[in-house]
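Below is a short report on a ligand site and a helix pair. Please view the structure first.

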Amino acid sequence: MSRVFNFSAGPSCLPEEVLKECAAEMLDCNGTGQSVMEMSHRSSAYEPIQQDAEKMVRKLMNVPDNYKVLFIQGGGSTQFAMVALNLGIKSGKAAYINTGVWAKKAAAEAKKLGVKVDVIASSEDKNFSYIPKVEKIEGDYDYAYICYNNTIMGTHYEYIPETGNIPLVADISSCILSEPLDVSKFGLLFAGAQKNLAPAGVTLVIIRDDLITETPRSGTPTMLTYKTHADADSMYNTPPCYTIYVLGKVMHWIEKNGGAEGMLKLNKEKADYLYNYLDNNDFYHATAEKGSRSLMNVPFLTKYDGDKATEINKKFVKEASEKGLINLAGHRLVGGMRASIYNAMTLNGVKTLVEFMKEFAAKN
Ligand SMILES: *Cc1c(COP(=O)(O)O)cnc(C)c1O
């Protein structure tokens, strides 16, 4: 059985080298005679694994000393609540930029928890195919919130909004470590692991020390309080040890491949190859506007509409998957197809996809 090229938006492909290392250590990790899955999280066998993962995140992302790196469960979606509960505590007001599903869900969750949400900009007018330009955010907001890479719409910020003293929060679930990012411009960053970091099960949170409050909004559960996890070095309760172990290995793989800069170079090469084809043929076109395009998630449509489009899209996804190019169906809100080309997707995978696209266009 040969390995497929997996274009899933998440969980997504992991570097083959990392999977092989994990396999080799499955029964006996570091001479302990156990799998990481079986280790006590408070053992001398496991603790260095988590410490190394954290150290590598700090190193690769250049995390300043006045920020904590936390491993939390509950996925990106739980952060929608944690951000509101822990940061929305002074004026009780927050600014959100609406760039699609994930930003909208985050805003809805904050509202539900009693934070007054101002949607200060939106790209809903054009089905979220671009990132609105908001140079400056001002007001008595407790925080400003953006979704930096929009996994479903295939858009990505090409700038960081200026927020002065207002802490900027960004969901970087689908672009973390795909490029260098200046952490000091943000109050809080978070990312579910299952796109660019590891299997599902852990969410990475990078939070500036002064935002770790002792007094979140009233009624906030212990587990949803950042301070709980910060004070316990992400060991307040049992962490998802195996996922963190894989995350650490992915960090070393990124370092070996040039760090965040190396990833950007590779990702640009892959994305340019695909967009260049999409922009220069009359069968397919990308849905995201130039100037807002994601390097990670590339939704595209064919020239057909209506029932014919539905039929062609289905045929594309089916025939691609028969050739080992899997999970290319688009999200229902955009339609068509979507190729997610995260860090672990190779240039060869993207070239193979484009070859298939050419053949398919010629026959249809
Ligand atoms: C996948 C994703 C989420 C949701 O993550 P879960 O871990 O499934 O809760 C949130 N935001 C973005 C940008 C995503 O891509």
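**Ligand shell**

The model is predicted. A shell of 13 residues surrounds the ligand. The closest are Ser-77, Thr-151, Asp-171, Gln-194 and Lys-195. By class, the shell divides into 3 nonpolar, 8 polar and 2 charged residues. Helix α3 spans residues 75–87. This helix gives the largest share of the shell, 4 residues.

| Residue | Protein atom | Distance to a ligand oxygen atom |
|---|---|---|
| Gly-76 | polar backbone atom | 2.9 Å |
| Gln-194 | polar side-chain atom | 2.9 Å |
| Lys-195 | side-chain N or O atom | 2.7 Å |

The ligand on its own has 380 Å² of accessible area, and the protein covers 86% of that area. Gln-194 and Lys-195 also belong to the closest residues of the shell.

**Helix packing**

Two packed helices are described by the angle between their axes and the distance between the axes. Here the pair is α8, residues 306–322, and α9, residues 347–363. The angle is about 135°. The axes lie 11 Å apart. How does α8 run relative to α9, and what is the term for that angle? The angle of about 135° makes α8 oblique to α9, because an angle counts as roughly antiparallel if it is over 145 degrees and as roughly perpendicular from 65 to 115. The crossing of α8 past α9 is right-handed.

Terms used:
Residues are numbered from 1 along each chain as its sequence is written. This is a predicted model: local features need pLDDT of at least 70, side-chain atom pairs count only at pLDDT 80 or more; totals for chains, interfaces and linings use all residues. Side-chain values use heavy atoms; hydrogens and water are left out. A residue is near a molecule or strand if one of its heavy atoms lies within 4 Å of it. A polar contact is a pair of N or O atoms within 3.5 Å; within protein, one must be able to donate a hydrogen and the other to accept it, and residues adjacent in sequence count only if both atoms are side-chain atoms. Accessible areas come from the Shrake-Rupley method with a 1.4 Å probe; for residues, only the protein chains shown count as cover. Helices (H or I, at least four residues) and strands (E, at least two) are DSSP runs, numbered from the N terminus. Ala, Val, Leu, Ile, Met, Phe, Trp, Tyr, Cys and Pro count as nonpolar, Asp, Glu, Lys and Arg as charged, and the others, Gly among them, as polar. Axes are lines fitted to C-alpha atoms, for helices over the stretch in contact, and angles run from 0 to 180 degrees between N-to-C directions. Angles under 35 degrees count as roughly parallel, over 145 as roughly antiparallel, 65 to 115 as roughly perpendicular and the rest as oblique. A crossing is left-handed if the near helix is turned anticlockwise from the far one by less than a right angle, and right-handed if clockwise.
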